[in-house]
Amino acid sequence: MREQLGLLWELQNIDLGLKSIKEEKDRYPKEMKKLDEKQRVEKERIQKEKEKIESLEKTRRQKEGQLALEQEKIKRVEGKMFEVKTNKEYQALLSEIDSVKEANSRMEEEILQVMDEIDELKKDLSKREKDVGVILEKIEIDRKKLQEKMACDEKIWKEQTERREVLSKQIESKLVKLYNTLKEKRQGVGVVGVKHETCQGCFVNVPPQMFIEVQKNNVLVRCPHCNRILYWEGDRNTK
Ligand SMILES: [Zn+2]
């Protein structure tokens with residue numbers, strides 16, 4: 001029985017290990033998704049700034065185009081000045097030129113403002129691109145780490161499942177059956193250690209006589225309170 005209990009104890013530990021790996025495995029896709037999302041947000045932020053700059057460049061080009069047209073207009077009016085006959089007509093053309101020139105200088109001012117804004121945004125963008133570059137690099141590192149952990153877990157999972165397979169065959173089938181039933185009813189724990197004369201499954205005291213029996217690991221002893229199979233991990237000094 002001592003050997004059987006030892007194997008059962010190992011089986012229980014494997015099952016607990018597998019359970020926590022399973023929980024991790026369930027968590028991985030969510031963590032991966034979080035990293036993807038973080039990456040997407042950072043990239044999107046940069047994209048938005050680029051779009052804003054592009055739209056300002058477009059405004060600038062439009063204004064420059066308009067300005068060029070107005071300047072053409074001035075040239076045309078100036079050309080007409082040689083053909084006028086009266087002073088009145090001449091004055092009218094001059095005042096037309098003046099008003100177009102005034103409008104043009106306002107337009108030039110606006111173009112300069114837009115250019116300033118673009119310069120400012122470009123400066124911000126290049127700083128942000130550097131920052132985001134660092135963030136993206138970190139995300140990539142986190143992703144790699146996660147992938148490594150996943151691969152590692154997968155390996156352990158495979159090894160432990162194989163070991164479990166072997167163990168299950170070495171343990172008497174009725175003991176495995178009892179263990180499985182208990183495990184199902186008692187949150188995944190069918191075999192449990194005893195410490196300080198207390199069942200580590202339900203934390204209720206084990207009667208002294210029973211405790212002595214448990215320490216021998218020779219017979220199957222079950223906790224009178226939670227029914228789990230009790231196991232003594234050794235070292236009589238740490239009761
Ligand atoms: Zn108990």
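Here is a short chat about the predicted model shown above.

Reader: What should I know about the numbering and the model before I start?
Author: Residues are counted from 1 along each chain as its sequence is written, and side-chain values use heavy atoms, with hydrogens and water left out. The model is predicted, so to speak with care: local features need pLDDT of at least 70, totals for chains, interfaces and linings use all residues, and side-chain atom pairs count only at pLDDT 80 or more.

Reader: In what order do the elements of the protein chain run from the N terminus?
Author: The chain holds four helices and three strands. Helices here are DSSP runs of H or I with at least four residues, strands are runs of E with at least two, and both are numbered from the N terminus. Read from that end, the order is α-α-α-β-β-α-β.

Reader: What is the radius of gyration of the protein chain?
Author: The C-alpha trace spans about 130 × 35 × 30 Å along its principal axes. A compact globule of 239 residues would come out near 18 Å, by a rule of 2.2 Å times the number of residues to the power 0.38, with the radius taken over C-alpha atoms. The protein chain instead has 41 Å.

Reader: How many of the 239 residues are buried, as a percentage?
Author: Buried means under 20% relative accessible area, exposed means over 50%, and partly exposed is in between, using a 1.4 Å probe and protein chains only. By that cut-off, the buried share of the 239 residues is 29%.

Reader: Which residues of helix α4 are buried?
Author: Helix α4 covers residues 208–216. An α-helix has 3.6 residues a turn, so residues three or four places apart point the same way. The buried ones in α4 are Phe211, Val214 and Gln215.

Reader: Is valine 194 buried or exposed?
Author: Valine 194 sits in strand β1. Beyond its neighbours within four places in sequence, valine 194 is in contact (heavy atoms within 4.5 Å) with residues including Phe211, Val214 and Leu230. With a relative accessibility of 5%, valine 194 counts as buried.

Reader: Which residues does glutamate 49 touch, not counting those up to four places away in sequence?
Author: Glutamate 49 belongs to helix α1, residues 2–80. At 18% relative accessibility, glutamate 49 counts as buried. The residues it touches are Asp124, Leu125 and Arg128.

Reader: What separates the C-alpha atoms of glutamate 137 and glutamine 39?
Author: Glutamate 137 is part of helix α2, which runs over residues 87–170. Glutamate 137 counts as exposed, at 57% relative accessibility. Along the chain, glutamate 137 and glutamine 39 are 98 residues apart, yet their C-alpha atoms are separated by 9.8 Å.

Reader: How far apart in space are glutamate 172 and leucine 8, C-alpha to C-alpha?
Author: Glutamate 172 is in the loop between α2 and α3. Its relative accessible area is 39%, so glutamate 172 is partly exposed. In sequence, glutamate 172 and leucine 8 are 164 residues apart, but in space the figure is 9.6 Å.

Reader: Where is glutamine 187, the residue with phi near 45°?
Author: Phi of glutamine 187 is positive, and this residue is not a glycine. Glutamine 187 is exposed, with a relative accessible area of 61%. Its place is the loop between α3 (173–185) and β1.

Reader: What is phi for histidine 196?
Author: Histidine 196 is in the loop between β1 and β2, where β2 is 198–199. Histidine 196 counts as exposed, at 58% relative accessibility. Although it is not a glycine, histidine 196 has a positive phi of about 50°.

Reader: Which residue follows α4?
Author: The residue in that place has a positive phi, near 55°. It is asparagine 217.
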